[in-house]
Amino acid sequence: IFDMYLNIMKVSKISAVTLLVSDMKRSVDFYSKIPNFKIVYGGSEAQFTSFLIDDAVKSYLNLKLGKTHSTDFGRIIFYTDDVDGLFAYMQDDKTVSELGKFESKPQDATWGERFFHMLDPDGYKLSFATPLGDE
């Protein structure tokens with residue numbers, strides 16, 4: 001019976017991540033420039049904004065205006081089909097390159113991904129990656 005409940009109650013994906021941000025307009029300007037991030041709630045003047053990342057499964061990145069936050073929680077990793085193309089686009093985009101900070105250029109990792117790291121306007125650690133190999 002326990003195994004039957006495990007199959008019914010399993011966790012299958014992360015639906016959303018919420019970040020506390022210090023300046024909603026600045027954060028909305030930054031995230032709205034990332035391809036496939038679509039505002040579905042809120043916006044530059046709101047206290048809470050949701051971006052839909054719509055692919056095979058829907059997921060959300062939420063921004064909540066707050067006075068205190070900690071960026072020392074880890075890293076959010078987003079998959080993309082073309083990490084080098086995305087890096088070039090983001091590096092050339094004035095809004096992204098001025099509001100964010102690149103920590104690395106695209107590189108191959110021993111764990112089977114090609115990735116680059118950057119910081120968002122509040123200092124949150126972001127990675128954009130493409131699996132290497134036959135995936």
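The model is predicted: local features need pLDDT of at least 70, side-chain atom pairs count only at pLDDT 80 or more, and totals for chains, interfaces and linings use all residues. Residues are numbered from 1 along each chain as its sequence is written, and side-chain values use heavy atoms, with hydrogens and water left out.

**Exercise 1.** Determine whether Tyr41 is buried or exposed.

Solution. 
- Apply the cut-offs: buried means under 20% relative accessible area, exposed over 50%, partly exposed in between (1.4 Å probe, protein chains only).
- Conclude: Tyr41 has a relative accessible area of 52%, so Tyr41 is exposed.

**Exercise 2.** Classify Ala109 by the cut-offs of Exercise 1 and find its distance in space from Ala129.

Solution. 
- Ala109 sits in the loop between strand S7 (107–108) and S8.
- Its relative accessible area is 12%, so Ala109 is buried.
- Ala109 and Ala129 are 20 residues apart in sequence, and their C-alpha atoms are 9.8 Å apart.

**Exercise 3.** Describe the aromatic pair of Phe78 and Phe128 and state which strands it joins.

Solution. 
- Rings of Phe, Tyr and Trp (its six-membered ring) pair if their centres lie within 6.5 Å; planes under 30 degrees apart count as stacked, over 60 as edge-to-face and the rest as tilted.
- A search of the whole structure gives 12 aromatic pairs.
- Phe78 and Phe128 are 5.4 Å apart centre to centre, with 20 degrees between the planes, and form a stacked pair.
- Phe78 lies in strand S5 and Phe128 in strand S9, so the pair ties together parts 50 residues apart in sequence.
- Both Phe78 and Phe128 are buried.

Conventions: Helix = DSSP H or I, 4+ residues; strand = E, 2+ residues; numbered from the N terminus.
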